[in-house]
Amino acid sequence: MGVDRVRLQPWTEADLAVELRNNAADMTVFLGGPQGEEVVRRRHERFLRGQVDGTVSPFTVWSDAADEPVGAAAYWQIEHHGDAVYECGWYVFVPFQRRGYAQAAVRLLLEHAAARGDRDTVFAFPRVDNVASNELARSVGFVNTGTEDSEYPKGVPITVNAWAFDLRALR
């Protein structure tokens with residue numbers, strides 16, 4: 001059985017509601033738990049500013065089978081070990097999980113990043129114990145380059161897998 005058609009829609013002011021919905025205990029288990037509403041609002045504003053200046057490419061994830069966003073996905077500019085790369089992240093709301101939406105959304109996200117042509121690598125950094133996100137990264141073609149120490153939220157030490165995807169494969 002195939003997945004419903006999935007599409008990415010560029011982030012808008014109205015998508016603050018998507019970020020607020022994501023700020024729930026069941027959605028933030030691997031992200032340190034829910035954050036204050038003001039933190040979520042500031043992240044939303046960073047998405048909007050980054051979209052304008054080209055440093056962040058945020059999207060809502062839609063399915064033809066739903067009349068609301070099923071999640072979100074984004075990529076943004078970072079430096080990793082001295083290299084200019086992208087980092088990406090994604091989520092799908094609990095009622096829509098296990099339907100292939102995240103996998104389809106990440107594939108679309110990678111195609112979008114490849115089409116920009118300005119960086120050759122996208123990284124994803126899921127916590128090592130986030131089985132679903134690690135498996136998703138592997139399933140769409142990311143290569144695990146090893147574990148790294150990180151912080152998320154800031155000040156909270158975590159260990160992540162550093163998954164790299166070579167965008168040149170999509171050009």
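Trainee: If buried means under 20% relative accessible area, exposed means over 50% and partly exposed is what lies in between, which class does Arg138 fall into?

Mentor: With a relative accessibility of 45%, Arg138 counts as partly exposed, and so does Glu135 at 39%. Keep in mind that we are looking at a predicted model.

Trainee: How do Glu135 and Arg138 meet?

Mentor: Their side chains form a salt bridge, at 2.2 Å from N to O. Both residues sit in helix H4, which covers residues 131-139, and they are three residues apart, about one turn of the helix. There is also a network elsewhere, in which salt bridges with shared partners join Arg5, Arg7 and Asp64.

Trainee: How many salt bridges does the structure hold?

Mentor: It holds ten. One of them pairs the side chains of Arg7 and Asp64, with 3.0 Å between N and O. That pair links distant parts of the chain, since Arg7 belongs to strand S1 while Asp64 lies in the loop between strand S2 (56-63) and S3, 57 residues apart.

Trainee: What does Arg171 pair with?

Mentor: Arg171 forms a salt bridge with Asp120, where the closest N and O atoms are 2.8 Å apart. This pair, too, links distant parts of the chain, with Arg171 in the segment after S7 and Asp120 in the loop between H3 and S5, 51 residues apart. Arg171 has a relative accessibility of 45% and counts as partly exposed, and Asp120, at 33%, is partly exposed too.

Trainee: Then what does the side chain of Arg119 make a polar contact with?

Mentor: The side chain of Gln77, at 3.4 Å. Arg119 itself is in the loop between helix H3 (101-116) and strand S5 (121-124). Setting aside neighbours within four places in sequence, the contacts of Arg119 include Gln77, Ile78, Tyr86, Leu167 and Arg171.

Trainee: Where is Asp15, the other buried charge without a salt bridge?

Mentor: Asp15 is placed in the loop between strand S1 (6-10) and helix H1 (16-22). Although Asp15 is buried, its nearest oppositely charged side chain, that of Arg21, is 11 Å away. A polar atom of the Asp15 side chain does lie 2.8 Å from the backbone nitrogen of Thr12. Beyond neighbours within four places in sequence, Asp15 is in contact with Pro10, His44 and Thr60.

Trainee: Switching to the backbone, which peptide bond is cis?

Mentor: The one joining Tyr152 and Pro153, with omega at about -10 degrees; Pro153 is in the loop between strand S6 (143-151) and strand S7 (157-166).

Trainee: What is phi at His81 and at Arg98?

Mentor: His81 has a positive phi of about 50 degrees although it is not a glycine, and Arg98, likewise not a glycine, has a positive phi of about 65 degrees. His81 is in the loop between strand S3 (71-80) and strand S4 (83-92), whereas Arg98 lies in the loop between S4 and H3. His81 counts as exposed at 68% relative accessibility, and Arg98 counts as exposed at 86%.

Trainee: Zooming out, in what order do the elements of the chain run?

Mentor: From the N terminus on, the order is β-α-α-β-β-β-α-β-α-β-β, which comes to four helices and seven strands. The radius of gyration is 15 Å, close to the 16 Å that the globule rule gives for 171 residues, so the chain is as compact as a globular protein of that length.

Key. Residues numbered from 1 in each chain as written. Predicted model: local features only at pLDDT ≥ 70, side-chain atom pairs only at ≥ 80, totals over all residues. Heavy atoms only, no water. Helix = DSSP H or I, 4+ residues; strand = E, 2+ residues; numbered from the N terminus. Buried < 20%, exposed > 50% of the residue type's maximum accessible area, 1.4 Å probe, protein only. Lys, Arg positive; Asp, Glu negative; His and termini not counted. Salt bridge = Lys/Arg side-chain N within 4 Å of Asp/Glu carboxyl O. Polar contact = N/O pair within 3.5 Å; in protein donor to acceptor, adjacent residues only side chain to side chain. Contact = heavy atoms within 4.5 Å. Rg over C-alpha atoms; globule rule 2.2 N^0.38 Å.
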